[in-house]
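Trainee: Could we go through a protein model together? I would like to learn how to read one.
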Amino acid sequence: MPFITEIKTFAALGSGVIGSGWVARALAHGLDVVAWDPAPGAEAALRKRIANAWPALQKQGLAPGASQDRLTFVATIEECVRDADFIQESAPERLDLKLDLHAKISAAAKPNAIIGSSTSGLLPSEFYESASHPERCVVGHPFNPVYLLPLVEIVGGRSTSPDAIEAAKTIYTVLGMRPLHVRKEVPGFIADRLLEALWREALHLVNDGVASTGEIDDAIRFGAGLRWSFMGTFLTYTLAGGDAGMRHFMAQFGPALKLPWTYLPAPELTDKLIDDVVEGTSEQLGERSIAALERYRDDTLLAVLEAVKSSKTQHGMAFGD
Ligand SMILES: NC(=O)C1=CN([C@@H]2O[C@H](COP(=O)(O)OP(=O)(O)OC[C@H]3O[C@@H](n4cnc5c(N)ncnc54)[C@H](O)[C@@H]3O)[C@@H](O)[C@H]2O)C=CC1
Ligand SMILES: C[N+](C)(C)CC(=O)CC(=O)[O-]
């Protein structure tokens, strides 16, 4: 039986930060969405988050028929997945919880509906171990805000079929995303491995009293952060080598890797470090609410995406190039 790739009904399990982002994206693409989350008050919180995201989605352009009213919130896992053509789990990042949840989801779902997990770095071979029809189970790791950022890392486990990877690619593409197949199943996949290295060093800088959280954020947002929106580290550093390119870059800056500037192990999360980070970021937030800051982030991301798209068009490139 072929996997379902034409999806009309999207099931979302877990409706926190990431689950609600998936729901917003699916609704904006004109799908019916069925959601489940066991927390008290989860439905109201979900609808509030979607309402906050909707202005950005309207600016980006909604699919015909897209409406927040096409969301149904249900009371059980079975009701959530029974009629779904595609299922995305965004439950807390705990192996035991995901293992148990996927046994239930997959037993109740259509056998040929693809199941994706939003996990940031757990291994699909482990948490899909008790799943029915594990050949259709993948990781679909998104980036926050899920309703705007295109990247989704697709990772298969030992039982995932190559056809399921292709089906997942098709589905995420239809949802307006840029799938990246992570061919080797490794903890943290590709992106979070990189982001974690940066995060670890940022915490060391705070811990060592080198800089405040705001200063570290400035070091990213006025420099590398701007060029990362359209050019990755490898190509950027090729240009940094001048006409001689990467070979010259490696010769000039390679030895610094051995100095080394960075620490590999993470710092101890002492109460002081946690307080310093929380106080620093509260100061950065100022009087602004999280919801207001999300709207600012969304508008800025839309502007950046538009600018990158337009510049790529001028250079004969497609957005996904
Ligand atoms: N927050 C982030 O930046 C990102 C998180 N992720 C991944 O997405 C997943 C969800 O993370 P967040 O949305 O950040 O967490 P969250 O804490 O915001 O939301 C988790 C939701 O799951 C619900 N929940 C609790 N027990 C559950 C169960 N047994 N079954 C289903 N739902 C349950 C909670 O009530 C809550 O609404 C995790 O696997 C995480 O690694 C992926 C990309 C980015
Ligand atoms: C912090 N995090 C590991 C949950 C982050 C992600 O998984 C991706 C993101 O949105 O940065």
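Mentor: We shall discuss selected residues and annotations of this predicted model.

Trainee: What conventions apply here?

Mentor: Residues are numbered from 1 along each chain as its sequence is written, and chains are lettered from A and ligands numbered from 1 in the order in which they are written. Because this is a predicted model, local features need pLDDT of at least 70 and side-chain atom pairs count only at pLDDT 80 or more, while totals for chains, interfaces and linings use all residues; side-chain values use heavy atoms, with hydrogens and water left out.

Trainee: Which residues does the "binding site" annotation cover?

Mentor: According to the unreviewed UniProt entry, the annotation covers Gly-14, Ser-15, Gly-16, Val-17, Ile-18 and Gly-19. UniProt annotations may be inferred rather than shown by experiment.

Trainee: Where is Gly-14, and is it buried or exposed?

Mentor: Gly-14 sits in the loop between β1 (9-13) and α1 (17-28). Helices (H or I, at least four residues) and strands (E, at least two) are DSSP runs, numbered from the N terminus. Gly-14 counts as buried because its relative accessibility is 7%; buried means under 20% relative accessible area, exposed over 50%, and partly exposed in between (1.4 Å probe, protein chains only).

Trainee: Which residues does the domain feature cover?

Mentor: UniProt, again in an unreviewed entry, places "domain: 3-hydroxyacyl-CoA dehydrogenase C-terminal" at residues 188-256. Over residues 188-256 the chain is 72% helix and 0% strand, with the end C-alpha atoms 26 Å apart.

Trainee: Where does Gln-252 lie?

Mentor: Gln-252 belongs to helix α10 (residues 245-253). Its relative accessible area is 45%, so Gln-252 is partly exposed. Between Gln-252 and Gly-241 there are 8.3 Å in space, C-alpha to C-alpha, and the two are 11 residues apart in sequence.

Trainee: Let us change topic. Where is Asp-100 found?

Mentor: Asp-100 is part of helix α4 (residues 95-108). With 42% relative accessibility, Asp-100 counts as partly exposed. Asp-100 and Ser-130 are 30 residues apart in sequence, yet 7.7 Å apart in space, C-alpha to C-alpha.

Trainee: Where does Asp-275 lie, and why is it called partly exposed?

Mentor: Asp-275 lies in helix α11 (residues 271-285). It is called partly exposed because its relative accessible area is 41%.

Trainee: And Ile-190?

Mentor: Ile-190 occupies the loop between β8 (178-182) and α7 (191-207). Ile-190 is partly exposed too, since its relative accessible area is 40%.
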